[in-house]
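I opened this model to look up its folds and surfaces, and I keep my notes here in the order in which I went through them.

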Amino acid sequence: MSSLSASETVETTETSGAEQPAAPAAASAKVIDKKQETRLAIKVEDLHLYYRTKAEANPTLKAALIRKAKRQKVEQKVIKAVNGVSFEVPHGTVLGVIGHNGAGKSTLLRALSGILPPTQGRVEVRGRVSTLLALGVGFNQNLTGRENIVLGGLAQGWSKDQIRDKENAIIDFADLDSLSDGAMDRPMKTYSSGMYARVAFAVGVHMDPDILLVDEALSAGDARFKEKATEKMLELCENARTIVLVSHGLETVRHMSNHCIWMDHGNLVQSGDPDEVIDAYIERQRQDREAADAKKRALEAAEAKEDQAVAARAERTKEALHKAIGEDV
Ligand SMILES: Nc1ncnc2c1ncn2[C@@H]1O[C@H](COP(=O)(O)OP(=O)(O)OP(=O)(O)O)[C@@H](O)[C@H]1O
């Protein structure tokens, strides 16, 4: 996990998607009254996010050379990671985002953080954003933990005094010394994923964000750190900060969030009370498992029937053969 990226006040990303594959026209802005509007931290309207990858049907060197000689192009594949999603998040909300692997959760978070521009639709994020992503972005691996903290502070435009204060608070929170003496003064490339996660989390929450975007950031820490991180997030929330938490840890989401959205194949399936959404998701997972088991059982039964039929045919052939050559079977 890692990383911090802080962006300033109203961040609006909007793309018409002129060059993108045809998709439904962006929904017109929802009419909400002014008071409600100013309470919003995040507003997402008909968001589509597509990845384009080169689909190589035959990925061998020989095939690549033939293709080059024939000047054939590799076909482009479009992956619709987020497919027309709209929601609003008032300030002070802890929004849990759940869904199966590849449902589009991280892609959505990348769009909220501004890393990924929308293919189509609109994302509006109001306030200072701090992002804790699952993969290490933002830290220089060759610098020590301490140096990275200072670098992050300078990038934020903090004064020397601010950096000194925050540096101490971050180092105290990450508490790497309890794991390995002097770790804070070693290059971050020597850190374990858990140590890395602790520094990243400590930096992210001390950026004083209005909006904290967290992608599985708690998964790398040990149980004690997870508890401490959860407490810190709840504290941020009590101070009316907004948190978007992407996680497969359904009980963490249930415990921490006060609103939840469920993503499935890039679509928003359900949005609402965390207990209701999580229970519905668990029920769907149970149904999917049952359907998969039933399919497997049906396949096995069909295979067994086919095996029996083959064996019976072989037996009949054997009998016919023996009859033909006049021997008893
Ligand atoms: N950089 C990329 N290039 C191409 N396709 C991508 C890229 N990143 C993600 N995808 C695809 O987009 C879809 C959504 O991926 P995403 O990582 O957002 O899902 P997720 O819900 O966060 O999954 P997980 O729970 O496994 O982390 C998947 O089909 C994935 O293969």
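I took helices (H or I, at least four residues) and strands (E, at least two) as DSSP runs, numbered from the N terminus.

I note that this is a predicted model, in which local features need pLDDT of at least 70 and side-chain atom pairs count only at pLDDT 80 or more, while totals for chains, interfaces and linings use all residues. Residues are numbered from 1 along each chain as its sequence is written.

**Overall**

I counted nine helices and 10 strands in the protein. I called a residue buried if 20 or more other C-beta atoms lie within 10 Å of its own, exposed if 12 or fewer, and partly exposed in between, with C-beta atoms placed from the backbone. By that rule, buried residues make up 33% of the 329 residues. I then looked at contacts, meaning pairs of residues whose C-beta atoms, placed from the backbone, lie within 7 Å; among those between residues at least 6 apart in sequence, 77% join residues at least 24 apart.

**Helix α7**

I found Phe 225, Ala 229, Met 233 and Leu 236 buried in α7. Seen down the axis of α7, these buried residues fall within an arc of 75° (taken over the directions from the helix axis to the C-beta atoms), so they line one face of the helix. What do the buried residues of α7 pack against? I found α6 (193-206), β7 (211-215), β8 (242-246) and α8 (250-256) as their partners.

I turned to α9 (residues 274-324), which has 51 residues and reaches 74 Å from its first C-alpha to its last, close to the 75 Å expected at 1.5 Å a residue. Of the 51 residues of α9, the number buried is four, so α9 lies largely in the open. These four are Pro 274, Val 277, Ile 278 and Tyr 281, and they pack against β4 (94-99), α8, β9 and β10. In the UniProt record, an unreviewed entry, I found the feature "coiled-coil region" placed at residues 282-315; such positions are given in the numbering used here, feature names are shortened, and annotations may be inferred rather than shown by experiment. In the model, that span is 100% helix and 0% strand, and its end C-alpha atoms lie 49 Å apart. I also looked at α2 (residues 61-69), which is hardly covered, the count of buried residues among its nine residues being zero.

**Single residues**

I picked out Val 85, which lies in strand β3 and is buried, with 22 other C-beta atoms within 10 Å. Leaving aside its neighbours within four places in sequence, Val 85 is in contact with Val 44, Leu 47, Leu 108 and Leu 268. The C-alpha atoms of Val 85 and Gly 266, 181 residues apart along the chain, are separated by 7.9 Å.

I noted that His 265, in the loop between β9 (259-264) and β10 (267-272), has a positive phi of about 50° although it is not a glycine. His 265 is partly exposed, with 14 other C-beta atoms within 10 Å. Asp 175, in the loop between α5 (160-174) and α6, likewise has a positive phi, near 50°.

Technical notes. Two residues are in contact if their C-beta atoms, placed from the backbone, lie within 7 Å. The expected span of a helix is 1.5 Å times one less than its number of residues.
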